[in-house]
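Hi,

Here is the structure I promised to pass on. Have a look at it first, and my notes on what turned up are just below.

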Amino acid sequence: MSAAEWPGLLAGLDAPGLYAWWVDGAGAADLSRGLQIELPAGRVYLGQAGAASSRAGVSSASTLRSRVGSNHLGGRVCSSTLRRTLASILLAPLELVLVGPRLLVADSEERLTAWMRLHLSIAVFAVDSGDGLSRLEKDVVKVLQPPLNIEHMPPSPLRTRLRELRAVVLGGLDDLWRAPDPTLTDWRRILGEYGQAFDGHRYAELVRHRACADVAEEVWQRREAGGRFASSFADLRCALFWLQRWVHNAEQSPGWEPDEELQSRGRPLYAAIQAAWTRERGVSRMMAARDERAQGGTQMTTLLGGRMAGAPAVPLPSAVQLESAAAAFDADWGGVDEVLYELCRKHADHAVRRDVTAKVALIDRVYSAGFERRVTPPAGKQAITVIADFMLAHAAEIDDIVGRLAPLQEPLAADDMVQVVAAHGRLMSLLQKVATDGKAPRSFAAKYLHFHCPVVPIYDSYAAARLIRLVHWDSHEIPFEQPSGADDEYWDFCVRCFRLYEACHAAGLAVSVKRLDTYLWAVPGGK
């Protein structure tokens with residue numbers, strides 16, 4: 001039935017169950033405009049109401065009537081995943097005003113509700129009990145593949161785009177979609193009035209899961225590789241923000257003067273931003289693509305629907321480079337690794353204090369993970385023993401984390417990497433509780449898991465810096481979604497690592513996670 005007629009004569013609404021949302025042709029056009037990926041009319045989202053808690057087994061008081069009527073049609077973005085997703089997509093098409101994390105102004109909430117009632121319809125399926133409903137929802141989502149669902153769905157360009165758009169609403173990035181002013185031509189005014197009007201640091205962290213400087217560097221690298229700007233509007237804004245910050249800092253130095261190169265970077269970048277605004281916020285490209293397909297032409301490459309022109313490919317090492325790197329590493333560190341692998345094989349669990357102490361001390365100190373330096377021990381104790389005692393106290397959880405990775409074998413698949421990243425996030429979050437400086441023991445967690453399960457990529461600043469230079473971030477090619485609870489930086493690292501790993505296998509190169517690690521260590525000068 002139409003959302004405008006809700007609840008109408010639908011039966012079973014005071015029970016738990018599944019519901020599906022459908023969009024008409026005009027609504028699909030609005031969503032396509034916001035996504036910059038064509039979305040056909042039809043079923044777009046599926047959810048549940050009243051499922052029993054998977055942990056406590058307690059049924060929810062939610063019903064189809066309350067979930068659909070109160071949360072989705074009568075609620076706000078902060079209390080409805082569907083509204084949050086729709087608001088993320090329709091921010092520009094509906095000119096919604098975002099004023100904070102998960103917060104629209106009242107008028108925008110009303111405008112979103114009106115759009116839903118005009119363009120959406122709903123189907124429901126009531127059940128007798130919430131027991132097993134979560135599993136049913138998961139199975140149905142996998143079969144029906146509703147495009148706007150994120151959970152239980154395989155990675156895809158659309159899913160990546162949804163995550164990026166949702167991050168804007170989740171983070172309250174209300175300054176992102178400010179339109180460029182075509183009257184700005186002087187580079188100083190461009191940097192001042194438009195460069196400062198956007199928090200590039202927050203955008204890079206929340207949406208791209210990277211440092212602002214890295215996003216900016218990627219923008220210029222893509223331009224250099226392709227001879228033109230080929231990044232998204234948001235990434236271009238990030239690059240302009242970073243340029244403005246750099247100029248601001250440079251101006252603090254006595255005698256500094258801008259050179260011609262600086263001016264020649266600011267104006268073309270701003271022109272690219274204006275072009276990207278027109279391209280991404282307008283409908284002309286989507287309509288042109290429809291006409292082209294209707295005439296039997298090739299499918300349009302959308303913003304996140306395929307590799308854009310000029311996007312750099314993954315540079316592959318040669319077989320000689322891989323062999324040389326492995327031999328050099330083995331000559332220096334091979335014996336050390338053998339000791340660590342054997343230690344973790346013989347004492348994989350965390351039941352004996354001397355075994356745990358040995359693993360923590362050797363892995364942390366030999367591989368310079370720095371975890372020990374982050375723990376301030378009480379008088380009369382050492383940091384290593386404090387860490388060991390903490391791990392003994394949480395032995396069951398750590399054994400579970402390590403045990404879940406034990407079945408994984410190479411060659412790895414994307415689903416395997418999801419498990420690896422999730423396990424790393426669990427261990428890192430747990431160990432952070434013993435770190436008195438409050439910092440995440442990212443490197444130690446990766447190295448500790450690696451020697452228990454060699455398919456876990458080793459993370460450290462050295463390898464990460466080289467991997468960033470070798471495998472540029474490409475939002476078209478994210479082989480697996482970031483699992484819940486994962487560490488942003490390690491997920492980014494593993495995405496790049498897995499892209500290099502897959503590219504090597506596709507080219508017939510015999511690589512393992514450890515072999516790529518030795519190669520990253522051997523890359524001269526990070527080139």
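The largest pocket comes out at about 1,700 Å³. Keep in mind as you read that this is a predicted model. The pocket is lined by 48 residues, and if you want to find its centre, go to Ile150, Glu151, Arg163, Gln482 and Ser484, which are the closest to it. Several elements give two or more residues to that lining: β2 (42-49), α3 (81-90), α5 (133-144), α6 (157-171), α8 (200-208), α17 (414-431) and α20 (488-506). Which of them gives the most? That would be α6, with seven residues.

You'll find Val99 in strand β3, which covers residues 98-100. Its relative accessibility is 45%, so Val99 counts as partly exposed; the cut-off for exposed is over 50%.

Last one: Thr357, which sits in helix α14 (residues 353-366). Is Thr357 buried or exposed? It counts as buried, because its relative accessibility is 19% and the limit for buried is under 20%. As for what Thr357 touches, set aside the neighbours within four places in sequence and you get contacts with Ile384 and Ala388.

That's what I have for now.

Cheers

Conventions: Residues are numbered from 1 along each chain as its sequence is written. This is a predicted model: local features need pLDDT of at least 70, side-chain atom pairs count only at pLDDT 80 or more; totals for chains, interfaces and linings use all residues. Side-chain values use heavy atoms; hydrogens and water are left out. Helices (H or I, at least four residues) and strands (E, at least two) are DSSP runs, numbered from the N terminus. Buried means under 20% relative accessible area, exposed over 50%, partly exposed in between (1.4 Å probe, protein chains only). Contact means heavy atoms within 4.5 Å. On a 1 Å grid over the protein atoms alone, a cavity is a set of points where a 1.4 Å probe fits but cannot get out, and a pocket is an open set with protein on both sides within 12 Å along at least five of seven lines; lining residues have an atom within 4 Å of a point. Grid points are joined across faces, edges and corners, and a volume is the space filled by probe spheres set on the points.
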